[in-house]
Amino acid sequence: MSQKEKIISLLKVNQIMTQSDLAEDIYEDRFHTSNIYSALMSLVDNDIVTRSGEYPARYSLSGTPISEETTVIKKKAEVQQYKVQQQTVTMSVEKATHLIRDYFNKTVKDKHGRYMSWRHCYKAFSENRNITDEQTVDYLALHLAFYLASWGMYRGSSFLLQKDYKVHIPIVKIIQKGKYNSLFGISAEDLCKKSNLDLLDEIATRIRGCYAEERPSVDGVVNHATDTLITKILLGTLGCVPAYDRYYVQSVKKHHISSGNFNRNSVYCVAKFYCDNLKDFEKLRCELNKCGMEYPPMKLMDMCFWQDAYINDLN
């Protein structure tokens, strides 16, 4: 079924929806809102779908009455009920803390090792939070580019390989906005809050859209920022989510922590796992912070599950 057919089918059932609502039902998260824009606008241009209102606009099939009484947009409720994995979590806190220590000890052995790039990048953004003069933004874009290269985001299949570091300048300008301050180094407890998950939705969508709008695109194809790229950026600059790379996804799925898909439910589930073992993880985090910088909780989760899958791969 094409995107247009899916949109029409959803509007037949729900009558009135926002672009974010449609994206969530099609992709099971709101991080792909920009992906349906072209299909949605084509339906509007051809008078198949009607658009009304602003911020957010509401969409319905042409002929569906829209009034104050009938405009009940099917949000998932103001306080969203998140699905927690039904299976029993198989990662003990003892094993998790061991994995985090193991990762940390191995990465600091080489003071110029590539995994130090995360510390350099996160420290640079920490020390320059909300500063947006041209020189600082350029400096942060360079840090972001080198960190992403160290973490495998400049491989041959990536559109970034064909771009210089300045392609990240619009991304840095978004990240530096004060409205996202609550995401910086966020605690696991605060990451479980709907308001912060909404902000995470928003910034991820904006970053994805920003890369898509970059011109000229590579080979005439819209630049596609993957979930791995988006989450590595957020981990390296705000420390608010783990990096959803192959190893992390394998481990959280294996241990029934989350689905492994980058969406708010998955982020909520890993934050809840941290909260369920808060005392142990916070004690360990205090130990790691003695290295001279503060490790955010989601960095610990990234280290834990990446290391778990890495060891399994070696074996």
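Which residue in β3 is the bridge partner of T18? R58 is. This is a predicted model. The protein averages a pLDDT of 87, and 90% of the residues score at least 70.

**Confidence**
- Over residues 66-85, pLDDT stays under 50.
- The model has 40 contacts for residues 66-85 beyond four places in sequence.
- Where pLDDT is low, the predicted coordinates should not be read in detail.

**Strands**
- Strand β3 spans residues 58-61, and β1 (residues 17-18) pairs with β3 over two bridges in the antiparallel sense.
- Strand β2 (residues 49-52) also pairs with β3, in the antiparallel sense, over four bridges.
- In the β2 pairing, R51 stands opposite Y59 of β3.
- Both faces of β3 are covered. R58 and S60 are buried on one side, Y59 and L61 on the other.

**Helix α6**
- Helix α6 runs over residues 134-150 and has 17 residues.
- From first C-alpha to last, α6 reaches 25 Å, close to the 24 Å expected at 1.5 Å a residue.
- Buried residues in α6 are T136, V137, L140, A141, L144, A145, Y147, L148 and S150.
- The cover over these buried residues includes α5 (116-127), α7 (169-175) and α10 (227-237).
- Just after α6, G152 takes a positive phi of about 80°.

**Nonpolar cores**
- The largest nonpolar core holds 82 residues.
- Within this core, I203, L234 and F305 touch the most other members.
- Leaving aside residues up to four places away in sequence, I203 touches I174, I175, Y180, L183, L234 and L238.
- Another core, of 17 residues, lies apart from the largest one. Its members include L22, I36, M41 and L61.
- L61 also belongs to β3, where L61 and Y59 are buried on one side.

**Cysteines**
- A search of the whole structure finds zero disulfides.
- C240 is buried, with a relative accessible area of 0%.
- C269 is in no disulfide either. The nearest cysteine sulfur, that of C192, is 9.0 Å away.
- C269 is buried too, with a relative accessible area of 4%.

How values were computed
Residues numbered from 1 in each chain as written. Predicted model: local features only at pLDDT ≥ 70, side-chain atom pairs only at ≥ 80, totals over all residues. Heavy atoms only, no water. Buried < 20%, exposed > 50% of the residue type's maximum accessible area, 1.4 Å probe, protein only. Pairing = 2+ DSSP bridges. pLDDT = per-residue confidence, 0-100. Contact = heavy atoms within 4.5 Å. Disulfide = S-S within 2.5 Å. Core = buried A, V, L, I, M, F, W, Y, C linked by side-chain atoms within 4.5 Å. Expected span 1.5 Å × (residues − 1).
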